[in-house]
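Open the model in your viewer and keep the selection tool ready. The tour goes from one selection to the next and says what is there.

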Amino acid sequence: LPLLLKATLLRLASGSYRPFYNGFYYNHIMNDNGDGQDKVDYFSGARLVVETSRDPVYSYNGANVTLPCHYRYEPDTGPKRKIRIKWSKLRDDYTKEQDVMVAIGKTYMAFGDFKGRAHIRQASRHEASLVISDVRLKDDGKYRCEVIDGLEDESDVVDLRLQGIVFPYQPPRGQYRLNFHEAEQVCQDQGAILANFNQLFQAWSEGLDWCNAGWLADGTVQYPIRLPRKPCGGVHLAPGIRSYGPRHRHLHRFDAFCFSSALKGEVFYLDRLAGMTLEEAKQSCQDAGAEIARVGQLYSAWKFLGLDRCSAGWLADGSVRYPIATPRANCGPAEPGVRSFGFPSKGRFGVFCYKER
């Protein structure tokens, strides 16, 4: 062992060792001195610059959206070889979450949920914009546009935000009954997804005040307070988002904050003189060529279409609610919102139905 160590040290000191191979293929050419020594031509001398939108790009569920991305060389030295374009969706902390697509020239491949929905727009020279069709709720987030030219690799990030509404949700069993995975499922059952922090913050800035803690998409538990009060963190704390931080996704139980976007269809109300049971309500929607509406669909219709109905109706989860866009006497509180009667075990009401356009 000492002899082997000594031989290794002598070899390193002599400078006869080769550099560690790092996976790149360099272009070795002879220098002008004629001494047989190699030099490495790393770059062409032009700096690659990638730029996306500084402002968020806004869209909504079911729409088509373009995330702009352009690149250039400084200085511009004329035509270049084919470059590689890669788009990735990132987590809020900018760590990589999933590959969206890669493209070389006119050849491209999309991955996962983006198959058949994503392609590169190259309408002008040095454009690498991403087009996403039939936008889905979970498409909301940060995207990295990466341009690779030989050894040069530059990127920039653009933020896609869906226009939508955040609503708190409790299941029929009552308050604080959902672990993280159950919260994910109940939001999905209501035509929504778990909200992220940016969506909850936007809802708070628009007036959402809710004293019950709920899961968010990153596994944290938080709640928005506009009017500080004793049961909601204390009267001396400023308004804002209260946070319990990350919680155990299996063991801890809270409510959920769900996020729903604009609708592809319409929500309408049906009623009978004597009202309907839940099962009769479901059948009435089917007879009208529709389905009983989910909670997220009712909130979206109230938020984006101005649905206003001072009559309570069944929804798919067994709850009874009604939306008020213009507050008035005998229609609940003085603020607009979706009113809830909870989950009545019996009773006869109208029904809100949903029909795709």
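**A strand and its partners**

Select leucine 194 and cysteine 258: leucine 194 stands opposite cysteine 258, which belongs to strand E19. This is a predicted model, in which local features need pLDDT of at least 70 and side-chain atom pairs count only at pLDDT 80 or more, while totals for chains, interfaces and linings use all residues. Residues are numbered from 1 along each chain as its sequence is written, and side-chain values use heavy atoms, with hydrogens and water left out.

Now select residues 255–261, which make up strand E19. Strands (E, at least two residues) and helices (H or I, at least four) are DSSP runs, numbered from the N terminus. Seven of the seven residues in E19 are buried, where buried means under 20% relative accessible area, exposed over 50% and partly exposed in between, with a 1.4 Å probe and protein chains only.

In a regular strand the side chains alternate between the two faces of the sheet. In E19, Asp255, Phe257, Phe259 and Ser261 lie on one side, and Ala256, Cys258 and Ser260 on the other.

Two strands pair if DSSP finds at least two bridges between them.

- Strand E14 (residues 164–169) runs antiparallel to E19, joined by six bridges; tyrosine 169 has alanine 256 as its bridge partner.
- Strand E15 (residues 193–194) is also antiparallel to E19, over two bridges.
- Strand E16 (residues 214–215) runs parallel to E19, with two bridges; here tryptophan 215 is paired with alanine 256.

**Aromatic rings**

How many aromatic pairs does a search of the whole structure find? There are 14. Rings of Phe, Tyr and Trp (its six-membered ring) pair if their centres lie within 6.5 Å; planes under 30 degrees apart count as stacked, over 60 as edge-to-face and the rest as tilted.

Select tyrosine 71 and tyrosine 73, an edge-to-face pair with 6.4 Å between centres and 90° between planes. Both tyrosines are buried.

Then select tyrosine 176 and phenylalanine 254. Their centres are 5.6 Å apart and their planes at 70°, so this pair is edge-to-face. Tyrosine 176 is in the loop between E14 and helix H2 (180–189) and phenylalanine 254 in the loop between strand E18 (240–246) and E19, so the pair ties together parts 78 residues apart in sequence. Tyrosine 176 is partly exposed at 28% relative accessible area, whereas phenylalanine 254, at 9%, is buried.
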